[in-house]
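Biologist: I am new to this structure and would be grateful for a guided reading. May I put some questions to you once it is displayed?

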Amino acid sequence: MAKTKQSPGTLLLDYVRKYKLNCNRLSKEIKCSQTALRLISLDKSRITTSIAVRLAKYFATKPEFWLLAQMEYDLKKAANNKSLIKALKGIPKASKPAGR
């Protein structure tokens, strides 16, 4: 798993800065919506598989790098979601299936 403490948006912005880009230029280079990249950079939208593959191709990384960063961020948010935590308390564990 990608061990990043950054949000996917912050990670994306780090790459944008490192390569002296902006979201407009990057969106043209990877042929995607500028709005999509801006929303990701603000952590208001998720990195999709399509965006991950495009970013991986452009920055010579792996799609998994971007997707794992997104998954870690999502799981961290879920772990702090009070309504989800409350709902989980009411969910029992599955019992083992009977032998055949």
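Biologist: In which helix do D14 and R17 both lie?

Modeller: This is a predicted model, in which local features need pLDDT of at least 70, side-chain atom pairs count only at pLDDT 80 or more, and totals for chains, interfaces and linings use all residues. Residues are numbered from 1 along each chain as its sequence is written, and side-chain values use heavy atoms, with hydrogens and water left out. D14 forms a salt bridge (a side-chain nitrogen of Lys or Arg within 4 Å of a carboxyl oxygen of Asp or Glu) with R17, their closest N and O atoms being 3.7 Å apart. The two residues are three apart, about one turn of the helix, and both lie in α1.

Biologist: How far apart are the closest N and O atoms of D74 and R46?

Modeller: D74 lies in helix α5 and R46 in the loop between α3 and α4, so this pair ties together parts that are 28 residues apart in sequence. Helices here are DSSP runs (H or I, at least four residues), numbered from the N terminus. D74 and R46 form a salt bridge, and the distance between their closest N and O atoms is 2.2 Å.

Biologist: Over what arc around the axis do the buried residues of α4 lie?

Modeller: The buried residues of α4 are I51, A52, L55, A56 and F59. They are on the same side of α4, because the arc they cover, taken from the directions from the helix axis to the C-beta atoms, is only 135°.

Biologist: Which exposed residues does α4 carry on the face turned away from its buried side?

Modeller: The buried residues of α4 pack against α1, α2, α3 and α5, with contact meaning heavy atoms within 4.5 Å. The face turned away from that buried side carries the exposed residues T49 and K57.

Note on methods: Buried < 20%, exposed > 50% of the residue type's maximum accessible area, 1.4 Å probe, protein only.
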